Amino acid sequence: MARKPVVLVTGASGEMGHSLIHHLAERGTFDVLAFDLRPMDTEVARRCAATRVGDVLDRYLLDRLMSEFEISVVFHLAALLSTRAEFVPETAHEVNVQGTLNLLRLAVEEARSHGRPVKFLFPSSIAVYGLPDLPGKRKAGKVAEPEWTAPVTMYGCNKLYCEHLGRYFARHYRQLAAQGASGVDFRAIRFPGLISAFTVPSGGTSDYAPEMIHAAAQRRPYACFVREDTRIPFMAMPDAIEALLTLMDVRAESLTTLVYNAGAFNPSAGELAEMVRAAFPGERITFAPDARRQAIVDSWPEDVDDARARRDWGFRPAYDLDRTFNEYLVPNITRRYAAR
Ligand code: AKB
């Protein structure tokens, strides 16, 4: 019996998964197998050819997927983000690293099964960077891929190691064995903080930006957990998904590396608050820094140098800060909460 050709999306119920599946459905060129620990909501499930609920640590279940589906692309989005991971670092390691290893193994077996390379799209993060202190962060400015990769969170350590795992699988897998290349075509983007109009984040340390906006749209006061002068790069979710899909489509010969920075805008928390107050008059935003979460964000760069992505595969964010705010966030978030 022929297996059903699909692209596999893990973490399908998460923020990126929700948006990616929407974009893949719009494209209409792939059938999507959505996989998550939690059941997909109907909005996501109806856009998929199939959905499965399970754990990326369950290798038996992953083998069952391979018995039913022929997987040509893996979008491995399942992860415990930086804040949540700090409460259960060993579990985060299991999910973020062993889970990724299990999916890389699946990609090897699928490539050998159908005889074609399997593209493995991996969302890494600015969390792989570790700036030593605020003066060092400000002096470093736009950080390029080879710089400051000394993460201070378990999540950042996991993401950096998984980049190396992907490189190993793509270029050095079982290098002493007789059998040839793995067939895994690993491609990663180090995403900044992502802001979605359609989902509310959970478990991230960059979440203060989307939390502030979603709170304002619900007319709820917001106490920001970082200082007003805190500055890191962000990106509108549509640009993040478009970047993943563009990187997926690019010919391998055009890529000079496997891991790329991608940035869009980097307002301070105070600048963002001003925009939110202007868009939602009367909104009460206060600043009550949480010293521990602040220390994490202070270790992340003010901005990223994404010249390689722009050169190798034409990365260009469509949304700058103003357009993100005025065309994407405010109208859609206002509509989301008005409908409630
Ligand atoms: C987090 O805050 O953990 C993530 C990230 C920056 O990768 N949003």
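A crossing of two helices is called left-handed if the near helix is turned anticlockwise from the far one by less than a right angle, and right-handed if clockwise. The model is a predicted one, in which local features need pLDDT of at least 70 and side-chain atom pairs count only at pLDDT 80 or more, while totals for chains, interfaces and linings use all residues. Residues are numbered from 1 along each chain as its sequence is written, and side-chain values use heavy atoms, with hydrogens and water left out. Helices (H or I, at least four residues) and strands (E, at least two) are DSSP runs numbered from the N terminus.

Two packed helices are described by the angle between their axes and the distance between the axes. Here the axes are lines fitted to C-alpha atoms, for helices over the stretch in contact, and angles run from 0 to 180 degrees between N-to-C directions. Angles under 35 degrees count as roughly parallel, over 145 as roughly antiparallel, 65 to 115 as roughly perpendicular, and the rest as oblique. Contact means heavy atoms within 4.5 Å. Residue classes are also needed: Ala, Val, Leu, Ile, Met, Phe, Trp, Tyr, Cys and Pro count as nonpolar, Asp, Glu, Lys and Arg as charged, and the others, Gly among them, as polar.

The axes of helix α3 (residues 59–68) and α5 come within 11 Å and cross at roughly 30°. This angle makes α3 roughly parallel to α5. The crossing in which α3 passes α5 is right-handed. On the α3 side the contact is formed by Arg59, Leu62, Asp63 and Met66, and on the α5 side by Asn102, Leu103, Arg105, Leu106, Glu109 and Glu110. Four of these contact residues are nonpolar, one is polar and five are charged.

Helix α8 (residues 208–217) takes part in two further pairs. With helix α10 (residues 269–279), its axis comes within 10 Å and the crossing angle is roughly 20°. α8 is therefore roughly parallel to α10, and their crossing is right-handed. Tyr208, Ala209, Met212, Ile213 and Ala216 of α8 meet Ala269, Leu272, Ala273 and Val276 of α10. This contact consists of nine nonpolar residues, with no polar and no charged ones.

With helix α13 (residues 321–338), the axis of α8 comes within 9 Å and crosses at roughly 50°. That angle makes α8 oblique to α13. Here too α8 passes its partner α13 in a right-handed crossing. Ile213, His214 and Ala217 of α8 meet Phe325, Leu329, Ile333, Arg336 and Tyr337 of α13. By class, the contact has six nonpolar residues, one polar and one charged.

On a 1 Å grid over the protein atoms alone, a cavity is a set of points where a 1.4 Å probe fits but cannot get out; a pocket is an open set with protein on both sides within 12 Å along at least five of seven lines; and lining residues have an atom within 4 Å of a point. Grid points are joined across faces, edges and corners, and a volume is the space filled by probe spheres set on the points.

The largest pocket holds about 1000 Å³. Its lining comprises 44 residues, with Leu77, Ala79, Leu80, Leu81 and Ser202 nearest the centre. Among the elements that each supply at least two lining residues are α1 (15–27), β2 (32–36), α5 (89–114) and α7 (154–171). The lining divides into 21 nonpolar, 16 polar and seven charged residues.

The second largest pocket holds about 250 Å³. It is lined by 14 residues, and His18, Ser19, His22, His23 and Phe198 lie nearest its centre. α1 gives the largest share of this lining, five residues.

The structure holds one cavity of 30 Å³ or more. Leu134, Lys137, Arg138, Arg227, Asp229, Thr230, Arg231, Asp298 and Glu302 line the largest cavity, and seven of its lining residues are charged.

Most residues other than glycine have a negative phi. Arg174, in the loop between α7 and β7 (184–191), has a positive phi of about 45°. Arg219, in the loop between α8 and β9 (222–224), has a positive phi near 60°.
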